[in-house]
Amino acid sequence: MLRVGVVGAAGRMGRQVLQAVDADADLQLVAGVDPALVGGADVPGALSGAGATVCASVEELDPGAVDVLVDFTMAEVAERSLRWRAANRVSGGVCRGRDGRRYPPRSGARGLGRAGLGSAGTRQR
């Protein structure tokens, strides 16, 4: 079973990703990352029902608990999560902010290939 964390879990699309992961028998929802969820306010049912970790930022995640990190956020957050994934050797699903910018930005892409991540942010084997 693939363990999945979702960044941007409180947003409209993040909640859709949570539901899709929760409904798939081959996936285990293990984390929801979004500062709007901290403190237990308005935690989506998919997260609370799965007993998943809820945290404000990717830096709070245990990299050993996540196989894939799906990011559905804005540019600044997506870039942080991409760097976290590279540093912790965690694969990525969607690493694209909702603003439509390219991730990683061309200026920030240097060094990510050496970390084992391609331009789409998925682990290269």
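This explanation goes from the chain as a whole to its largest pocket and then to one serine. The model is predicted, so local features need pLDDT of at least 70, side-chain atom pairs count only at pLDDT 80 or more, and totals for chains, interfaces and linings use all residues. Residues are numbered from 1 along each chain as its sequence is written, and side-chain values use heavy atoms, with hydrogens and water left out.

The protein chain contains three helices and five strands; these are DSSP runs, with helices (H or I) of at least four residues and strands (E) of at least two, numbered from the N terminus. Along the sequence, their order is β-α-β-α-β-β-α-β. Of the 125 residues, 41% are buried, that is, under 20% relative accessible area with a 1.4 Å probe, protein chains only.

Rolling a probe the size of a water molecule over the atoms shows where empty space is left. A pocket is an open set of points on a 1 Å grid over the protein atoms alone where a 1.4 Å probe fits, with protein on both sides within 12 Å along at least five of seven lines; its lining residues have an atom within 4 Å of a point. The largest pocket holds about 290 Å³ of space, a volume being the space filled by probe spheres set on the points. Its lining has 19 residues, and G8, D34, F72, T73 and M74 lie nearest the centre. Helix 1 (12–23) and helix 3 (75–88) each contribute at least two lining residues.

Helix 3 also contains S81. S81 is buried, with a relative accessible area of 1%, and its side chain reaches the backbone oxygen of A78 at 3.1 Å.

How values were computed. Buried < 20%, exposed > 50% of the residue type's maximum accessible area, 1.4 Å probe, protein only. Polar contact = N/O pair within 3.5 Å; in protein donor to acceptor, adjacent residues only side chain to side chain.
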